[in-house]
Amino acid sequence: MKIMVATGNKHKLEEIQQILDDLPVKLLTINDLPQQIEVEETGLTFQENARLKADAYFQLSGLPTLADDSGLEVPALNNEPGVRSARYAGQAADYLKNNLLLLERMKELKGKDRKAYFRCVVCFKTDQGEWFFEGKTEGIILEDSRGNGGFGYDPLFYLPEMGKTYAELSPEEKNKISHRGLALEKFRDFLEKYLEKI
Ligand code: IMP
């Protein structure tokens with residue numbers, strides 16, 4: 001079965017590939033499509049944005065489509081950056097600018113106020129319907145970056161029980177506990193059964 005993965009982000013694609021590795025599926029991405037489109041992420045929730053992306057690429061490709069939306073939520077900042085995680089420091093933001101802005105906003109926050117969650121919602125859309133899968137991981141935002149792996153807010157997101165940030169984990173270690181890994185594991189279980197039925 002071919003699945004269109006509605007992302008151009010190669011880090012995400014690698015994570016997805018690893019998790020679905022032993023299933024009989026071939027993953028295509030938006031780079032395999034002859035036509036490129038811009039999907040505006042206008043939703044107020046991760047679920048809405050995941051659905052917008054899944055809808056758009058399902059229509060364009062006609063293939064079962066997997067889309068995810070994810071981001072970081074800091075309860076002490078009213079769950080910022082949330083759905084604006086990718087563009088927290090503005091439309092032209094990059095990972096470094098976003099991280100610096102987050103540190104700036106959190107500079108007065110100590111102890112449990114530095115608690116944060118990464119959240120991911122995966123939407124799978126086919127001509128049979130649409131399904132959602134969610135993963136959530138709790139951590140702490142450090143005052144300085146640690147580690148060179150991963151992407152985005154990874155170097156700031158510290159997991160006390162592992163004594164490491166996301167950026168200090170190997171891709172395999174990160175997949176086991178990450179918000180996207182957890183959501184994709186739920187999707188994987190679903191897909192295994194779905195494939196038996198079709
Ligand atoms: P999305 O591509 O619309 O899901 O936006 C996700 C944004 O949230 C990324 O650009 C990152 O800023 C942040 N993000 C999501 N997942 C991760 C992760 O695993 N590590 C670090 N940052 C992440």
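Lys174 is buried, with a relative accessible area of 5%, where buried means under 20% relative accessible area, exposed over 50% and partly exposed in between, computed with a 1.4 Å probe and protein chains only. The model is a predicted one, in which local features need pLDDT of at least 70 and side-chain atom pairs count only at pLDDT 80 or more, while totals for chains, interfaces and linings use all residues. Residues are numbered from 1 along each chain as its sequence is written, and side-chain values use heavy atoms, with hydrogens and water left out.

Lys174 belongs to helix H4, residues 171–177; helices (H or I, at least four residues) and strands (E, at least two) are DSSP runs numbered from the N terminus. The side chain of Lys174 makes a polar contact of 3.0 Å with the side chain of Asp154, and a polar side-chain atom of Lys174 also lies 2.8 Å from an oxygen atom of the ligand. A polar contact is a pair of N or O atoms within 3.5 Å; within protein, one must be able to donate a hydrogen and the other to accept it, and residues adjacent in sequence count only if both atoms are side-chain atoms.

## The ligand and its shell

Of the 480 Å² of accessible area that the ligand has on its own, the protein covers 92%, with areas taken from the Shrake-Rupley method and a 1.4 Å probe.

Around the ligand there are 17 residues, of which Lys12, Asp69, Ser70, Asp154 and Lys174 come nearest; a residue is near a molecule if one of its heavy atoms lies within 4 Å of it. Strand S3 (65–74) and helix H5 (179–197) are the elements that give two or more residues to this shell, and S3 gives the most, with three residues.

## Two further buried residues

Asp69 is part of strand S3 and counts as buried at 4% relative accessibility. The C-alpha atom of Asp69 is separated by 4.9 Å from that of Ala50, although the two residues are 19 residues apart along the chain.

Leu33 is placed in the loop between strand S2 (26–29) and helix H2 (46–61), and at 12% relative accessibility Leu33 likewise counts as buried. Leu33 and Met4 are 29 residues apart in sequence, with a C-alpha to C-alpha distance of 9.4 Å.
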